[in-house]
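The report below examines how elements of one chain pack against each other. Please read it alongside the sequence and the coordinates.

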Amino acid sequence: MTPDIPRIVLVPGDLSGVGPELMARLLADPANRTRARLLVTATAEELDSFAATAAVTIADRDGIEYLGTDYRGPAIPVGEVSIAAGKRALADLATALDLCADGGADAVMFLPLNKGAMGQAGMTEEDELRWFAKRLDFDGFTSELNFIESLVTARVTSHVPVSEIAEGISAGKVLETIELLNRVVAQTRTSTPRLAVCALNPHAGEGGKFGREEIDDIAPAIELARSRGIDVEGPFPCDTLFARAVGGDYDGVVTMYHDQGQIAMKLLGFDQGVTVHGGIPIPIATPAHGTAHNIVGTGKADLGPSTHAFDLAVRMAESRRATADTDNAVAGAGAGTAGAGTAAAGAAAGVQVSPR
């Protein structure tokens, strides 16, 4: 095995769902095992069980390292939400983050989670991205980035109640989301990104008749982004914007809330969808679908999104390693280390990625 290939931590996600069998199917493909050194938060016996459920054989396990798990608790029931499943998922994610933070791995790929289970197990943050940020003591801007072959999206608010969406919209947050999406698209799709921003209210607010968020927050953020050299337009009603975007008018879209973008993206490419956790200093990717309790063990779980997520994790890890090598060279020359460190943090934050 090539010694300089990236190190990816694979987390099976919520063990009550399809994550373990999807992990086994990924590891059963010998091509995946040659692209990265794979560290799994499971034991060898557990991986045998995952493979049996998936009806696959992982014949050659060279390149797979078993990290085991810090979870100590009751057996996890299959096909249902449980505290046990949530505790196991949080324990495994903590292992993965800590290993990356300590330099023992380059990126994380996790299989589907259940936020309800993690909440029952003690996660108080709105989602795993904010939990990641807290564990890493990172207080900068974060946003989920969603990938399909034809489009990338980022959202201003994420896993919050619909009743709280409007209060989460501010010019500053809209601007930060535009800037993050612009960096991502510039380094994954085209050096000249064309971005669009969704409105929050019906018909983009109709000049304030249906709400003032477009006037007070969204449009000013767009104008400020344009003054900084970003090619971005809007705010546009989302019921027409995605048809234009997928038709080629735009490379990326900023949405105001979770379902505003996710419904469109999953209709356009459910078998492609990947979520990248942007902003934090560790590359993390996951398939953009849930635990699918109703099809566990049936062989019906689509491997496509997991394959794309693994590909992104590898590419991000390669980029992170390349940036680190550049930083080391600059440090050795005795110049520019502070600026290089900032660049490294940006690259590690889900910026230098590729859709496939």
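## Helix 10 and its neighbours

The buried residues of helix 10 (258-269) pack against strand 5 (143-148), strand 6 (151-155), strand 7 (195-198), helix 9 (238-249) and strand 9 (252-255), where contact means heavy atoms within 4.5 Å and buried means under 20% relative accessible area with a 1.4 Å probe, protein chains only. Those buried residues are Q260, G261, Q262, A264, M265 and G269. Helices (H or I, at least four residues) and strands (E, at least two) are DSSP runs numbered from the N terminus.

Helix 10 has 12 residues and reaches 16 Å from its first C-alpha to its last, close to the 16 Å expected at 1.5 Å a residue, the expected span being 1.5 Å times one less than the number of residues.

## Basis of the model

This is a predicted model, in which local features need pLDDT of at least 70 and side-chain atom pairs count only at pLDDT 80 or more, while totals for chains, interfaces and linings use all residues. Residues are numbered from 1 along each chain as its sequence is written, and side-chain values use heavy atoms, with hydrogens and water left out.

## Helix 1 against helix 3

The axes of helix 1 (residues 19-28) and helix 3 (residues 44-54), as lines fitted to C-alpha atoms over the stretch in contact with angles from 0 to 180 degrees between N-to-C directions, come within 8 Å and cross at roughly 95°. The two helices are therefore roughly perpendicular to each other, a class that covers 65 to 115 degrees.

In this contact, P20, E21, M23, A24, R25 and L27 of helix 1 meet L47, F50, A51, T53 and A54 of helix 3.

Notes: Buried < 20%, exposed > 50% of the residue type's maximum accessible area, 1.4 Å probe, protein only. Parallel < 35°, antiparallel > 145°, perpendicular 65-115°, else oblique.
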